[in-house]
Amino acid sequence: MLKQVAAGVQVHVSEFCQSNTVVVQGSDGVLLIDPGVHGHELDCLVNDLASAGQRVLAGFSTHPHWDHLLWHPGFGDVPRFGTSRCAATVRARLAGGIDAKRFGIPEDVPLELLGHVSGLPDGTTQIPWDGPPVQILGHEGHAPGHAALWIQDQGVLIGGDTLSDVLIPMLDLAGATDPIEDYLAALLMLEGLADDVEVLIPGHGTIGGVGEAKTRILQDRKYLQALRGAQDVNDSRIDASAKPGWEWVADVHARQIQALESSVQSERPKLP
Ligand SMILES: [Zn+2]
């Protein structure tokens with residue numbers, strides 16, 4: 001079911017990790033951002049759009065992780081965009097197909113059209129589509145070629161996988177040289193417009209109102225600084241006992257500590 005969160009902006013929430021699909025109203029159709037996740041949810045979205053008399057003009061994936069790369073034939077064969085680095089990463093990672101089990105992808109998730117994303121040329125500042133300007137704020141904070149999106153007219157910030165109230169900052173441990181620094185740089189960039197954000201839509205979690213972008217930026221920065229300083233982390237999002245079904249967030253946290261420790265180890269000069 002679509003829920004309006006700002007003028008011309010609707011959200012469809014998934015049971016999978018509280019994922020938010022964003023639907024932006026254009027002049028003659030809609031822009032779909034990160035549609036997902038379960039098959040029946042995508043069917044529902046197709047039906048909701050059809051019964052509202054809306055067609056899809058374009059899609060956008062905020063970053064190259066499977067739950068942000070989904071599509072349904074009912075949305076039509078329309079341009080699907082991402083940043084150039086996002087699209088290149090998708091091409092490289094999906095070249096041999098995807099092991100759904102390894103990634104914990106539920107069985108009913110349709111993967112036929114996974115990742116058919118065209119990269120926008122470097123330096124593209126807005127999504128090319130016939131609707132309100134949607135600014136692309138590229139950064140490397142969570143995944144290669146990640147983009148947050150800013151709809152200035154409505155004060156809507158679409159965070160991709162940042163600024164969540166249910167997920168800690170999840171670092172790009174797959175290849176970034178300094179994943180914490182990349183993430184902190186992303187937060188700094190987003191902080192520059194935080195005062196103007198009226199509606200914050202994270203990739204996963206609760207929609208935030210005025211002031212919430214700033215609050216989550218501070219919370220995420222505090223987490224990252226503690227992680228970098230190898231200090232104790234006091235963050236309610238990793239309190240497994242408080243959130244049945246979200247225990248894996250504590251596992252992500254443990255894995256991040258471990259990965260950072262081993263990268264520090266490998267930087268130390270080896271003894272003869
Ligand atoms: Zn992600």
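Leaving aside neighbours within four places in sequence, Val197 is in contact (heavy atoms within 4.5 Å) with Trp150, Gly155, Leu157, Gly209, Val210, Gly211 and Ala213. This is a predicted model, in which local features need pLDDT of at least 70 and side-chain atom pairs count only at pLDDT 80 or more, while totals for chains, interfaces and linings use all residues. Residues are numbered from 1 along each chain as its sequence is written, and side-chain values use heavy atoms, with hydrogens and water left out.

**Around Val197**
- Val197 sits in the loop between α3 and β11 (199-202), where helices (H or I, at least four residues) and strands (E, at least two) are DSSP runs numbered from the N terminus.
- With a relative accessible area of 1%, Val197 is buried (buried means under 20%, exposed over 50% and partly exposed in between, using a 1.4 Å probe and protein chains only).
- From C-alpha to C-alpha, Val197 and Leu32 are 20 Å apart in space, and they are 165 residues apart in sequence.

**The zinc ion**
- The zinc ion has as its protein donors His63 (NE2), His65 (ND1), His142 (NE2) and Asp161 (OD), which lie 2.2 Å from the ion (donors are N, O and S atoms within 2.8 Å of the metal, or 3.2 Å for Na, K and Ca; water is not among the atoms, so sites may look incomplete).
- The spacing of these donor residues in sequence is H-x1-H-x76-H-x18-D.
- Distant parts of the chain are linked by a pair 79 residues apart, with His63 in the loop between β5 (56-60) and β6 (80-83) and His142 in the loop between β8 (135-139) and β9 (146-151).
- His63 and His142 are both buried.

**Helices α3 and α4**
- The axes of α3 (residues 179-194) and α4 (residues 212-228) come within 10 Å and cross at roughly 160°.
- The contact between them involves residues of α3 including Tyr183, Leu187 and Glu191, and residues of α4 including Ala213, Ile217 and Arg221.

**Backbone features**
- Most residues other than glycine have a negative phi, and most peptide bonds are trans.
- Gly36 and Val37 are joined by a cis peptide bond, with omega about 0°, and Val37 lies in the loop between β4 (30-33) and α1 (39-51).
- Gln18, in the loop between β2 (9-13) and β3 (20-25), has a positive phi near 50° and counts as partly exposed at 25% relative accessibility.
- Ala230, in the loop between α4 and α5 (248-267), has a positive phi near 55° and is exposed, with a relative accessible area of 71%.

How values were computed: Axes are lines fitted to C-alpha atoms, for helices over the stretch in contact, and angles run from 0 to 180 degrees between N-to-C directions.
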